[in-house]
Amino acid sequence: MTALNQYQRLEAAGLWRETPRSQARDVIVSFGDATLILSDPRSEMPLAHWSLPAVTRLNPGKLPACYGPGGAEPYEELEIDDELMISAISKVHHVIEANKPHPGRLRGGLMLGAAAIMALLAAFWVPPALVRHAADIAPPAQRAEIGRMVLAEIAKTTGSACSRPAGDMVRQKLAMRLIGPDAQIVVLPTALKGAIRLPGEIIVIGEDLIEDQVTPEVAAGHILAAQAMAVQNDPMLAALRYAGPRATFHLLTAGNLSAKSLAGYGEKLLADPVPRPEDEPLLAYFTRAGISSEPYARSLDPTGEAVLGLIEADPFRTAEPRPVLSDREWIALQEICDQ
């Protein structure tokens, strides 16, 4: 130890009593290897060796300093009035104590480390896991309600959904034709350049997909693409991630989501580019619906270069696709946003 080496040559005079009844005798006090050596000043013969870690100050703060060798029955006593030696004994004693193993400290450190790890897990793993769990177990009615909330947020920017009796009937028929009986297609008075799938089987399209198109195949293709994309990225999970862990926890415990937690989410959906699903699962949707993929592909890229795979793999390239809507129905849907 550096501190002990520093005082290896330090010596001081002291008075030593071997027992409480013994006469005090002069000794020379010096440092050994983790010991305090008491020697006869004439013969320099060692009279006692005290373990430095066990040395005990019997009169703290008083002079001359009085020490004992420690132990259950400390009969011996040593008096020293040399301040440098007193300071050296104190310093070396503390260094030796500090170098001892402290199982309690190690245990405490391990417990603190474990607590820190648990806190990190709680902060970074629990909230995402909570949100994913809520999305996984959400019943259809809850999904539909949150989908309507998201639609209301979108409508704050685009205006209310288009509605006319004849067009509404066609919307319902198109949703049944492409997705299923519980699906809903909503037409907004704006250009979305695609379809957006919301929680609860609600698909939003802009009037650009119906007013500017000759046939319904382009709109149908975008609706199928949104449906395929929802399998890859659950829109319920995306909405809950935006709402945050606190709102999601309230959803799990109280059964409803605060409308405040989705404030601004509609603007975000409108600002983000409409994602495109992978070709293989998308083509499966076109095949099941009996619709050609080429009109949809050409709407993404008129030249066909960027969507060549979709065009070449068109499931109805050599066969006749099923009609999406009749001409009369398509005209009724095209007029849904007319005032």
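## Basis of the model

Residues are numbered from 1 along each chain as its sequence is written. Because the model is predicted, local features need pLDDT of at least 70 and side-chain atom pairs count only at pLDDT 80 or more, while totals for chains, interfaces and linings use all residues; side-chain values use heavy atoms, without hydrogens or water.

## Sheet

Strands (DSSP runs of E, at least two residues, numbered from the N terminus) are taken as paired if DSSP finds at least two bridges between them.

Strand 9 and strand 10 (residues 202-206) run antiparallel and are joined by 4 bridges. Arg 197 has Ile 203 as its bridge partner, and Leu 198 stands opposite Ile 202. The two strands form a hairpin with 3 residues between them, and Gly 200 in the turn has a positive phi of about 80 degrees.

Strand 9 is covered on both faces: Ala 195 and Arg 197 are buried on one side, Ile 196 and Leu 198 on the other. Buried means under 20% relative accessible area, with a 1.4 Å probe and protein chains only.

## Nonpolar cores

A nonpolar core is a set of buried Ala, Val, Leu, Ile, Met, Phe, Trp, Tyr and Cys residues joined through side-chain atoms within 4.5 Å. The largest has 39 residues, and Ile 205 and Ile 210 are among those with the most contacts inside it. Helix 8 (residues 217-232) gives the most to this core, with 8 residues. A second, separate core of 27 residues includes Leu 198 and Ala 239.

Conventions. Buried means under 20% relative accessible area, exposed over 50%, partly exposed in between (1.4 Å probe, protein chains only).
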